[in-house]
Structure formats: C-alpha cells, structure tokens
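These notes are meant for a colleague who is opening this structure for the first time. They go point by point, and each point can be checked against the view below.

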Amino acid sequence: MIRITNLAKGFTDGNQSIDVLRDVSVEVPSGSSLAITGSSGSGKSTLLNVMAGIIESDSGEVELTAAGQKYNLHQLNESQRTKFRRQHIGYVHQFYNLIPTLTVLENVLLPAELNKRKDLFQHGARLLEDFGLADKFDKFPRILSGGEQQRVAVARALLLKPAVILADEPTGNLDQANTQLVADLLFAMAKDFKVSLVVATHSEDVAARAGHRLHLGEV
Ligand SMILES: Nc1ncnc2c1ncn2[C@@H]1O[C@H](COP(=O)(O)OP(=O)(O)OP(=O)(O)O)[C@@H](O)[C@H]1O
Ligand SMILES: [Mg+2]
C-alpha cells in the first residue's frame with residue numbers, strides 16, 4: 001500500500017528554482033496499480049524517486065505499508081530508507097541501472113543476494129527464461145540491446161515479489177510483443193501477489209491496463 005498526501009517537490013538549479021510536483025495526493029492499495037502519465041519533464045521519475053525514498057520531498061507525506069508494517073518515509077533516516085527499499089521495493093529505473101561488472105543472472109539475483117535469499121536463485125533464472133533471455137545468463141549488460149537490458153531490469157525488480165513495484169517507463173524500449181509480455185507480468189504480479197504497482201509510462205496501452213491513473217500536468 002502506498003499513500004501520498006499533499007506532496008510537493010521542486011529543484012533549485014543555480015539561481016533558478018522550479019516546482020515539479022505540487023499538491024500530489026494518491027493512494028495505491030495492495031493488489032492494485034497506478035499509471036502515471038504526463039509529458040516529458042512533468043515529474044514522473046521525480047515522483048517515483050520520492051515514493052522509493054531515493055529523494056526527499058519538500059513537504060507532504062509518503063506512507064508505505066509492507067509486510068504488515070506501516071512506514072512513513074519522512075521518519076526514516078537515509079540508511080533506514082535504503083534498507084527499506086532493499087527489502088520492500090522493486091524499482092525499474094528509466095535507464096535500467098544494471099551493474100556493468102555483473103552478469104545478467106547476477107544482476108537479477110542481486111536483490112536475493114542483498115537479502116540473503118538463496119532460495120530465490122531458481123526463480124531468478126525462471127524470470128529470465130520467461131522474458132526470453134535464457135541464452136543471456138552469463139553475458140554482461142553492455143553487450144545487450146536496450147530492450148534486453150530493460151527486461152533484465154524488470155526481472156530484477158520482480159525477483160523478491162516485493163510489496164511495492166515502481167516501474168519507470170518499463171516498456172519504453174520494447175517492441176510490441178515484449179511490451180505485452182512485460183506488462184502482462186507486471187500486472188499479474190500486482191494482482192497475484194498483492195503488490196502495489198506504479199508504472200510511469202508514455203504508452204496509452206500500458207496506462208489503460210492500470211486500475212488508477214494520475215496525470216501530471218503543468219504546475
Ligand atoms: N536533480 C535535479 N535538479 C534539477 N532539476 C531536476 C532534477 N531532477 C529533475 N529535475 C527537473 O524536474 C523536471 C521533472 O523531471 P522528471 O525526470 O521527473 O520528468 P519525467 O516526467 O520523468 O520526464 P520523462 O518522460 O522525460 O522521463 C524536469 O524539468 C527536470 O529537468
Ligand atoms: Mg522520467
């Protein structure tokens with residue numbers, strides 16, 4: 001469960017300051033999904049980063065419930081937020097953020113490694129197979145196509161079946177068949193494992209599959 005209340009976030013760049021998010025309130029219950037849409041620069045990635053506790057908002061509340069416990073991100077310090085994120089959030093970064101020195105399989109298994117969950121190793125391999133990447137286990141990210149890297153990033157975010165999945169344009173680099181495949185898996189996860197799924201997307205097809213929508217416009 002994610003609950004955002006009256007959130008505001010701006011940036012200062014030199015002597016210029018810009019409001020990116022103003023008075024955003026939204027709720028994503030467990031097992032449901034939210035699509036964030038809006039033009040480039042409207043603040044989709046910024047909002048996902050705030051939800052993940054990667055950046056702090058200027059005001060407002062960010063409350064997440066995971067494994068039966070409620071967390072208010074403002075009440076956690078940075079290392080507590082990092083720990084929380086590692087355990088409970090699957091994040092698909094807009095530009096993938098794969099670790100270049102790890103193989104494809106090692107990248108996918110990283111969340112299991114960090115959480116000492118050796119029982120998930122088979123599951124990681126299975127996810128890669130589901131995404132059509134069975135022959136890429138031992139390859140390094142740099143030799144993969146953009147779309148292949150994107151699918152590795154999605155597999156990594158799904159691995160732990162976390163309480164919250166935040167996916168930043170997870171199909172931005174995929175062809176139609178793979179868009180379908182990735183969207184199917186993301187939305188099935190949300191439903192079957194009671195995940196709160198948030199997808200920032202420019203794809204009308206993907207957005208239409210979400211239970212709720214938030215359109216970010218000019219502030
Ligand atoms: N660290 C920062 N410092 C200054 N400005 C920033 C910073 N991060 C983001 N911005 C600005 O905030 C605005 C929103 O950026 P954001 O990345 O959230 O947009 P977006 O909706 O994800 O766009 P896209 O669809 O292109 O990914 C942009 O104008 C961007 O330049
Ligand atoms: Mg973005």
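1. Which residues surround ligand 1? In this model, which is predicted rather than determined by experiment, the ligand is surrounded by Phe11, Asp13, Val20, Gly38, Ser40, Gly41, Ser42, Gly43, Lys44, Ser45, Thr46 and Gln94. Sorted by class, this shell holds eight polar residues, two charged ones and two nonpolar ones.

2. As to where the shell comes from, at least two of its residues are supplied by β1 (2–13), and at least two by α1 (44–51). The largest share, three residues, is that of α1.

3. Strand β1 also belongs to an open sheet of four strands, whose order is β2-β1-β4-β5 and whose pairing is antiparallel. At the edges stand β2 (16–28) and β5 (69–72), each with a single partner strand, so that one side of each has no neighbour in the sheet. From one strand to the next, the twist averages 25 degrees.

4. Within this sheet, β1 runs antiparallel to strand β4 (residues 59–66), and five bridges join the two. Arginine 3 has glutamate 63 of β4 standing opposite. On to the next pair: β4 and β5 are antiparallel as well and pair over four bridges, with glutamine 69 in β5 as the bridge partner of alanine 66. The hairpin formed by β4 and β5 has two residues between the strands, and there alanine 67 adopts a positive phi near 50 degrees.

5. Turning to the interior, in soluble globular proteins nonpolar side chains tend to be buried together. The largest nonpolar core here has 58 residues, and those touching the most other members are Met51, Ala155, Ile165, Leu166, Leu186, Val198 and Val199. Helix α5 (residues 146–158) gives the most to this core, namely six residues. For leucine 186, once neighbours within four places in sequence are left aside, the contacts are Ile165, Ala167, Pro170, Leu197 and Val199.

6. Not counting residues up to four places away in sequence, threonine 37 touches Thr201, Ala207, Arg213 and His215. Proline 170, one of the contacts of leucine 186, is 133 residues from threonine 37 in sequence, while the C-alpha to C-alpha distance between threonine 37 and proline 170 is 13 Å.

Definitions and conventions: Residues numbered from 1 in each chain as written. Chains lettered and ligands numbered in written order. Predicted model: local features only at pLDDT ≥ 70, side-chain atom pairs only at ≥ 80, totals over all residues. Near = placed C-beta within 6 Å. Nonpolar A, V, L, I, M, F, W, Y, C, P; charged D, E, K, R; others polar. Core = buried A, V, L, I, M, F, W, Y, C linked by C-beta atoms within 7 Å. Buried ≥ 20, exposed ≤ 12 C-beta atoms within 10 Å, placed from the backbone. Contact = placed C-beta atoms within 7 Å. Pairing = 2+ DSSP bridges. Axes fitted to C-alpha atoms, helices over the stretch in contact; angles between N-to-C directions.
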